[in-house]
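Please keep the structure in view while reading.

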Amino acid sequence: ILDNDGEPMAVTLEARNLTADQTLVTDPAAVAAQLGRILGVAPDVLAERLTGDRRFMYIAKGITPETWDRINDLRLPGIFSEAASRRIYPAGDLGANVVGFVGAEGTGLGGIEYAFQDQLAGTPGTQTYERGPGGKVIPTGANSTTAALGGTTVRLTIDRDIQFVAQQALAEKVVQSQADSGTIVVMDPRTGQILALATAPTFDPNKAASATDANRWNRPLTNVFEPGSTSKLMTLAAVVNEGKANPYSGFTVPPSLTRADKVFHDHTPHGTLHLTLAGVMAKSSNIGTILAAERIGGKKLYKYLKKFGIGEPTGLNFPGEANGSIPKYKDWSPTSMPTIAFGQGLSVNAVQSASVFATIANDGVRVQPSLVSELVHADGTTEPAPAPKTTQVVSAATAKQVRAMLESVVGEGGTAPMAAIAGYRVGGKTGTAQEYNENCHCYSGVVASFIGMAPADAPQLVVAVSIMNP
């Protein structure tokens, strides 16, 4: 498994399995003492494996050829080896939750290792022959050999430098904010390629057995949460695309708003405000977003959310991926439209959230996300990944107007002035929402998010950051 520059993230190396014929080991304790010094294993454990009448017994698996050479030089009776292989991860925890890990038998148990197990593993060779009396091979018998086929190499879209920076920044922030965990997704909005997919805490796939299940998961795809205010991007883009408002359209925003039997407020108490649609985005006004959404109605809003990919598979086919959800429109209650308009009552994973902003960054065209750029077969031929599916969600003109609105969020008076970067035009959106727990089908915890793009006038990167329970 390689990164997008061809640097190895998972490789198979030659190894040996150390075996013993217990009937030939005359002094198990002495042999165990000699092996223990080389293997770093307690002699009493090894002595137990060497004692008995079994003709074949594994003593250690996946040792290096150099280690076997040292053991072989001792000429210990009853000690043998067989050819094997071992999987190593040269980059350690870099991209570990994407790459995945293998079990003791070398079979993929997570991530790309699991998803591409059949391709990575190749096909074993076979040899068939006839034996005669005494077990001797008959030279003129029906003998045949089928050559083994080497495995396929998987080249990822992951950029190791961006992945490294993302993991470092995320790990620091999770510790600093005493959070449960965090995720970062970095995408190229023009191609849909994921350049970084980080989670913290993470694990070292070279020592996968010592990690918890949660730290081995790829949280940006396996965990779902309510998007909260980052979802307002979709609502306001739909309103603009339907021609019901533009960034300069005025809205009178009262201190509270009652719909059906529910009273809605903004996150900060206020009197009556007079905001433009861009101001509604900049201030992240729930009430202003509801008023804007009512100009198109719930049915149209639902159609736009589905076109943005809410509740739909990302197309990555990643093991354990959760799709998130949105209630079918026929099941909406009188309060569904206002709550869904500002990001509650629906759930997403972090890649879906990033993809929404990538759609606006890419002139309204949603490009299916991708993690694999190509396969390189054993004979050296390459197989590019299939062209990603594209969907025109909103017009290019709408996307341009919404990007300008996102710039106001990081400007003076917006909710995210700290996201401004000197010398660059940056746009983005803050969000605070609840994490959905699939186990109890309930909400448990808070998710703080920021999703941004740069340069805002012609975005080349979209970055989505979420911190769970800061």
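The text below describes a predicted model, beginning with a sheet and going on to pockets and cavities.

## The sheet

Strands of a sheet pair through backbone hydrogen bonds, either parallel or antiparallel. In this model, three strands form an open sheet in the order β2-β1-β3, and their pairing is antiparallel. β2 (57–63) and β3 (79–88) are the edge strands; each has a single partner strand, so one side of each is left without a neighbour in the sheet. From one strand to the next, the twist averages 25 degrees.

Strand β1 (residues 11–20) and β3 run antiparallel and are joined by 10 bridges. Leu 18, for example, has Ser 81 in β3 as its bridge partner. Helix α2 (residues 43–50) packs on this sheet and touches β1, β2 and β3. The direction of α2 makes about 125 degrees with that of β2.

## The spaces in summary

Rolling a probe the size of a water molecule over the atoms shows where empty space is left.

| Space | Volume | Lining by class |
|---|---|---|
| Largest pocket | about 980 Å³ | 15 nonpolar, 16 polar, seven charged residues |
| Second largest pocket | about 790 Å³ | 19 nonpolar, four polar, no charged residues |
| Largest cavity | about 60 Å³ | four nonpolar, four polar, two charged residues |
| Second largest cavity | about 50 Å³ | seven nonpolar, three polar, no charged residues |

The largest pocket holds about 980 Å³ of space. Its lining has 38 residues, and the closest to the centre are Ser 85, Arg 86, Arg 87, Glu 105 and Gly 106. Which elements each supply at least two residues of this lining? They are β1, β2, β3, β4 (101–102) and α6 (117–121). The largest share, four residues, comes from β3.

## The cavities

How many cavities of 30 Å³ or more does a search of the whole structure find? The search finds two.

The largest cavity is lined by Phe 308, Gly 309, Glu 312, Pro 313, Thr 314, Val 351, Gln 352, Ser 355, Arg 366 and Pro 369. Helix α15 (residues 350–361) gives the largest share of this lining, three residues.

Around the second largest cavity, the lining residues are Pro 227, Thr 230, Ser 231, Met 234, Ile 310, Val 348, Ser 353, Val 356, Phe 357 and Ile 451. Here too α15 gives the largest share, three residues. Seven residues of this lining are nonpolar, three are polar and none is charged.

Terms used
Residues numbered from 1 in each chain as written. Predicted model: local features only at pLDDT ≥ 70, side-chain atom pairs only at ≥ 80, totals over all residues. Heavy atoms only, no water. 1 Å grid on protein atoms, 1.4 Å probe; cavity = no way out; pocket = protein on both sides within 12 Å on 5 of 7 lines; lining within 4 Å. Points joined across faces, edges and corners; volume = space filled by probe spheres on them. Nonpolar A, V, L, I, M, F, W, Y, C, P; charged D, E, K, R; others polar. Pairing = 2+ DSSP bridges. Axes fitted to C-alpha atoms, helices over the stretch in contact; angles between N-to-C directions. Contact = heavy atoms within 4.5 Å.
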